[in-house]
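Take the points in order and find each residue on screen as you go.

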Amino acid sequence: MDQFSGGTPTHIEEVTAEVRLSARGLAFGIPALKVDGMDPLAVYLAAEEANAIMRRGDGPVVIEADVYRFFHQNGALPGSAFGYRSKEEEQAWRGRDPLEAIARDLMERQIIGAQGVEDLRAQCVAMMEEVAGELIEEVDGKRRIVPALWPEESFRDFGLRGDLSEFDGARFEEEASFAGPLKEGVKFIDVVADVMGRRMEQDARIVVLGEDVHRLKGGTNGATRGLSADFPDRCLGTPISENAFTGIAGGMAADGRVRPVIEFMYPDFMWVAADQVFNQIGKARHMFGGDSAMPLVLRTKVAMGTGYGSQHSMDPAGIFATAPGWRIVAPSTPFDYIGLMNSALLCEDPVLVLEHVDLYASKGAAPAEDLDYCIPLGKAKIVRAGSRVTILTYLAMVEMTRSVVERLGIDAEIIDLRSLDRAGLDWETVEASIAKTGNVLIAEQGASGTSYGGWLADELQRRCFDALDQPIKRAHGAEASPSISKVLEAAACARPQDIEAALREIMADQGLPLAAE
């Protein structure tokens, strides 16, 4: 590994008291080898030993190889040009160049002569010049990459997400048109566990990871009930280490032989794993030209109102919707959860599945026997037809909004968005509703700063400007995240009175003020 961190002049001894980084492997019971990375034979022998350990089935191995990067992070200049290395240090390491060292060793052993070494160097240089000659041209005395080799600008967003061709032949259902028997009064949290159990039974690639998913009768809420008993090798409890197990899951998904489902006990914990979630998993398909699938599902719950405070109560939809690569689904009924989770587990893109603690105890209709249907990604649902105002909402706010609308007697159309990502939002349904009503309210529970409705309102203003009779209204939480105080927590979240206030403004601006209660 490099003597420095990234391209900065940070020495290892400045950031850790244990400069043998391989010692970290030993702390986890992982065999570790430290080797002079400038010695090709030593590296070869270390790799042989590591392979022998792994082929015996004794798990992974850490190899720490000390090497030296002769140039700066980017470009042809050495580190001394930037002042964080001395020329004497660079010269000393140059004397240990592995190519020079192995050439000397081979000559000393009379395996090859000096002329043979020169011939090999000439062949290597010729090969590289031949390769470079196909990539580089000289124009006005300057070398440049052949313009035709650069991608077209139209490639800018190519491969950010897949084309969903994996859904060819999938069976799609909606509750309103479902032909099979429906069972009433099904508890939401029960279908969360049931559909995952069904998919794990049908697909041996699915592995569940997260804190306490294997304990407490299915985690903190029962979402993984029965999985550890039925699939002890595929329901894996993890340490409190979101960054670690998210990175492991990302590697599993990229490998393609495993379909990981990870659970963040609370969505706020995504910040602990932000590099893995946003820089790695979300960007992977685009970074590698769109050819590499990333079939990972991340489950998490919105827990506003449960009294767990500012670090456990956010709605992450707005963050994920403004980050590239992720698909987002937000089921609000037991029937929809089954179909959308099945779609998430079929999708070759990373999918965030949002749940809400207020919905866990709720009950609704679900198939009596069928756990195998899908609901299309990118399909919203009109849960109440109306002509005066379009209300866009999701999760627990769907029923809260419907309750307010019906109490006030407003002719409102309520749309459960269900798919929240940019690529998956059902613009057709939303725009058709706005064309009919001319008025929009976006209702969400979370804080204003990380609001999902912020970007959605901006997009709708441009898409639907001519159809709008007034600016888009929004009901959302306060700037601060909910605190541990019950009073302040309630005040920080959007409540029925906030929805009512916004609807009263919308109706008044139409010249149809509602009577005071």
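1. Start with Ala494, which is buried, with a relative accessible area of 2%. Buried here means under 20% relative accessible area, exposed means over 50%, and partly exposed lies in between (1.4 Å probe, protein chains only). You will find Ala494 in the loop between helix H18 (486-492) and helix H19 (496-509). Helices (H or I, at least four residues) and strands (E, at least two) are DSSP runs, numbered from the N terminus. Leaving out residues up to four places away in sequence, Ala494 touches Met397, Met400, Glu444, Gln445, His476 and Gly477; contact means heavy atoms within 4.5 Å. Lys187 is 307 residues away along the chain, and its C-alpha atom is separated from that of Ala494 by 25 Å.

2. A word on where this comes from. This is a predicted model, in which local features need pLDDT of at least 70 and side-chain atom pairs count only at pLDDT 80 or more, while totals for chains, interfaces and linings use all residues. Residues are numbered from 1 along each chain as its sequence is written, and side-chain values use heavy atoms, with hydrogens and water left out.

3. Now step back to the whole chain. The protein chain holds 19 helices and 17 strands, and its C-alpha trace spans about 100 × 65 × 50 Å along the principal axes. Of its 517 residues, 45% are buried. Among contacts between residues at least 6 apart in sequence, 74% join residues at least 24 apart.

4. Next, look at Trp427 in helix H16 (residues 427-437). Is Trp427 buried or exposed? At 13% relative accessibility, Trp427 counts as buried. Setting aside neighbours within four places in sequence, Trp427 is in contact with Arg422, Trp455, Leu456, Glu459, Leu460 and Arg463.

5. The buried residues of H9 are Glu242, Phe245, Thr246, Ala249, Gly250 and Ala253. They cover an arc of only 145° around the axis, which puts them on the same side of H9; the arc is that of the directions from the helix axis to the C-beta atoms. These buried residues pack against strand S6 (206-210), strand S8 (259-264) and helix H10 (274-281). Just after H9, Gly256 takes a positive phi of about 95°.

6. Two strands pair if DSSP finds at least two bridges between them. Thr393 has Asp416 in S15 as its bridge partner.

7. Finish with strand S12 (residues 363-367). Because 4 of its 5 residues are buried, S12 is largely enclosed by the rest of the structure. Strand S5 (residues 182-187) runs antiparallel to S12, and 4 bridges join them. Leu182 stands opposite Pro367 in S12.
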